[in-house]
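Please open the model in your viewer and keep a selection panel at hand. The tour goes from one selection to the next.

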Amino acid sequence: IFQLTNSTTFNPPQPTPETISIPKTGTIAQDPLQSRPQSIEPALTKTISEPHSADHYYNLGLLAAEQQQWSSAIQHYQQAIAINPQMAKAYRDVARALAHVGQQEKSTKYWLQAIALDSNGVSAAEYFELGKNLASRGNQSSAISCYRQAIERQPDLMVAYLGLGALLTESGATDQAISCYLQGLKYVQDNCDLYFRLGNIYREK
């Protein structure tokens with residue numbers, strides 16, 4: 001379903017080990033677009049007991065992200081991926097960290113790989129943002145899939161209906177666009193944007 005544009009394969013960078021300072025106690029900061037462990041103690045325990053494993057570097061990434069040390073977090077997540085290329089959560093979290101430092105194109109590639117491995121753990125808001133990024137790069141089919149996933153996870157997410165409807169209209173699938181906007185109106189009946197776009201489609205038919 002999801003395809004990378006201008007690229008046939010995805011090869012994550014191979015990082016070199018790096019150590020960071022690890023706090024003795026604390027909690028992972030809550031992010032509205034993601035869920036984090038409630039305590040870093042399990043991460044510390046696993047990191048100490050299993051050095052140089054994928055989980056070891058992934059947990060170091062969590063600890064660095066908790067301190068907003070994004071460069072270190074990115075490197076540690078990439079180290080985890082290098083050891084275990086099937087670790088979907090590492091792809092998700094490196095994508096989030098890359099977005100924090102403004103590297104949207106790289107973030108999108110990691111998101112696509114994460115979804116290919118395991119679509120669970122991706123929020124409606126994250127699917128919507130990924131859809132926007134893909135649409136801006138001209139990858140309409142994957143953007144449409146992301147908007148649909150966002151709506152499936154959060155049926156009242158109006159921006160996803162607007163994004164999906166716009167892409168469907170651009171691609172000539174006006175009947176699907178109409179269905180999309182009508183579905184959105186079931187949740188927010190007084191949304192002016194949805195009515196406006198429906199009116200434009202009917203006017204041009």
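Predicted model: local features only at pLDDT ≥ 70, side-chain atom pairs only at ≥ 80, totals over all residues.

Residues are numbered from 1 along each chain as its sequence is written, and side-chain values use heavy atoms, with hydrogens and water left out.

Select residues 88-100 to begin: this is helix α4, whose 13 residues reach 19 Å from the first C-alpha to the last, close to the 18 Å expected at 1.5 Å a residue. Colour the helix by accessibility, and 10 of its 13 residues are buried (under 20% relative accessible area, with a 1.4 Å probe and protein chains only). Among them are Tyr 91, Arg 92, Asp 93 and Arg 96. Showing the surroundings, you will find that the buried residues of α4 pack against α2 (54-66), α3 (70-83), α5 (104-117) and α6. After α4, stop at Gly 102, where phi is positive, near 80°.

Next, select residues 124-136 and 140-153, helices α6 and α7, which pack at an angle of about 165° with their axes 8 Å apart. The two helices are therefore roughly antiparallel to each other (an angle over 145 degrees), and their crossing is left-handed. The contact (heavy atoms within 4.5 Å) involves residues including Tyr 127, Phe 128 and Leu 134 of α6 and Cys 146, Tyr 147 and Arg 153 of α7. By class, the residues of this contact divide into 10 nonpolar, three polar and two charged, where Gly counts as polar.

Methods:
Axes fitted to C-alpha atoms, helices over the stretch in contact; angles between N-to-C directions. Helix = DSSP H or I, 4+ residues; strand = E, 2+ residues; numbered from the N terminus. Parallel < 35°, antiparallel > 145°, perpendicular 65-115°, else oblique. Left-handed = near helix turned anticlockwise from the far one by under 90°. Expected span 1.5 Å × (residues − 1). Buried < 20%, exposed > 50% of the residue type's maximum accessible area, 1.4 Å probe, protein only.
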